[in-house]
Amino acid sequence: MEQMDKVKKNFGFGCMRLPMNGDQVDIAETTRMVDEFLAQGFNYFDTAHGYIGGKSELALKECLTSRYPREAYSLTDKLTDSYFKTEADIRPFFESQLEACGVDYFDFYLMHAQNADNFKKFKACRAYETAFALKAEGRIRHVGLSFHDRAEVLDQILTEYPQIEVVQIQFNYLDYDDIAVQSRKCYEVCRKHGKPVLVMEPVKGGSLVNLPEEAKKVLDDLHGGSPASYAIRFAAGFPGMMMVLSGMSDLEQMKDNLSYMRDFKPLNETELAAVKKVQEIFHKMNMIPCTACRYCVEGCPKQISIPDLFAIMNIKQLHHDWNADYYYEEVHTAPGRRASDCLKCGKCEKICPQHLPIRKLLEEVAKEFDKPEA
């Protein structure tokens, strides 16, 4: 396999949670982050057409690709199933992505969020074959996939398409042995097939940054780095991990991440033991394992802000925080958009990468927050 030696470090800028000004990307702050990232010797950027409601690619054009020579960075984009219906749709969509990003090729192009269901559609529309053809034409340097399903499905895809060069999986210390996400098993399938791994959700959508007090104390007692540092270094410390992505949303987060990834060292024995303790603390708690990817919100006929409601529920469980009720009432719901307004249509569950029973969980949120009028 051709070496992916253009990628300089094992830490990448995930452009899914960029800093915002209202509903627009904060271009000034994003530009500062891009400049800092490149100045510190990092060069891998990851986007997708649907990120931030279609604004992520355009922000990268403004902050990165129009300001730096093409060889200064590696750019990953993705083919998402909601943007094509037939084989004939794929090339025009791909061209529109190149244009949105302001480039004439992608370093990596991933078949996005593959699972047993949409893999059938990607096969029927010859999406993989189209990507391999675009690679032969020089429009894509490396073809890969991002994955959210059981390990046996990943094994099937890599067996059918051995030309796949990289695999992006969700991998963090909380999901390592989780029966739904199967981080460890998916990682083992990648190793079996000899595929370098790109890691998404190393801090599980922020859950491994905003830790419960008991867990936070375990890591604080190490007198080392931030909670994020242990999560990211855990993921990056396994053999075959080519890249760990972090969806950074301000310069401070970025500076913290770069401080320990510039000269990366895997977790030592003491740190690994502390992380194991944190895993045990989490497993004793009844948390909703949502990563706030927001895929569920787009298709919801009631536009319920599902990840925010789950986050509020978790905060209430974790910290018994009275503020949670305020955020539920005043910030994250509106008439017709409360947990109790769920139509139970199930669209959200079909698209959820974590395979959460969202309808049932929304019932629990409604029970907690949608009290009947006295």
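**Figure 1. Ala 113 in strand S6 of the predicted model.** Ala 113 lies in strand S6, which spans residues 106-114. The structure shown here and in the following views is a predicted model. Most residues other than glycine have a negative phi. Ala 113, although not a glycine, has a positive phi of about 50°. With a relative accessibility of 17%, Ala 113 counts as buried, because buried means under 20% relative accessible area.

**Figure 2. Glu 201 in the loop between strand S9 and helix H8.** Glu 201 is found in the loop that runs between strand S9 (197-200) and helix H8 (213-220). The phi of Glu 201 is positive, near 55°, in a residue other than glycine. Is Glu 201 buried or exposed? Its relative accessibility is 12%, and Glu 201 therefore counts as buried.

**Figure 3. Packing of helix H4 with helix H6.** Helix H4 comprises residues 116-124 and helix H6 residues 151-160; the two pack at an angle of about 20°, and their axes are 10 Å apart. Because angles under 35 degrees count as roughly parallel, this angle makes H4 roughly parallel to H6. The crossing of the two helices, H4 and H6, is left-handed. On the H4 side, the contact is made by Ala 116, Phe 119 and Lys 123. H6 contributes Val 153, Gln 156, Ile 157 and Glu 160. Sorted by class, the contact of H4 with H6 contains 4 nonpolar residues, 1 polar residue and 2 charged residues.

**Figure 4. Packing of helix H1 with helix H2.** Helix H1 (residues 27-39) packs with helix H2 (residues 56-65) at an angle of about 55°, the axes being 9 Å apart. H1 and H2 are therefore oblique to each other. The crossing in which H1 passes H2 is right-handed. From H1, the residues in contact are Ile 27, Thr 30, Thr 31, Val 34 and Leu 38. These meet Ala 59, Glu 62, Cys 63 and Leu 64 in H2. By class, the residues of the contact of H1 with H2 are 6 nonpolar, 2 polar and 1 charged.

Methods: Residues are numbered from 1 along each chain as its sequence is written. This is a predicted model: local features need pLDDT of at least 70, side-chain atom pairs count only at pLDDT 80 or more; totals for chains, interfaces and linings use all residues. Side-chain values use heavy atoms; hydrogens and water are left out. Helices (H or I, at least four residues) and strands (E, at least two) are DSSP runs, numbered from the N terminus. Buried means under 20% relative accessible area, exposed over 50%, partly exposed in between (1.4 Å probe, protein chains only). Axes are lines fitted to C-alpha atoms, for helices over the stretch in contact, and angles run from 0 to 180 degrees between N-to-C directions. Angles under 35 degrees count as roughly parallel, over 145 as roughly antiparallel, 65 to 115 as roughly perpendicular and the rest as oblique. A crossing is left-handed if the near helix is turned anticlockwise from the far one by less than a right angle, and right-handed if clockwise. Contact means heavy atoms within 4.5 Å. Ala, Val, Leu, Ile, Met, Phe, Trp, Tyr, Cys and Pro count as nonpolar, Asp, Glu, Lys and Arg as charged, and the others, Gly among them, as polar.
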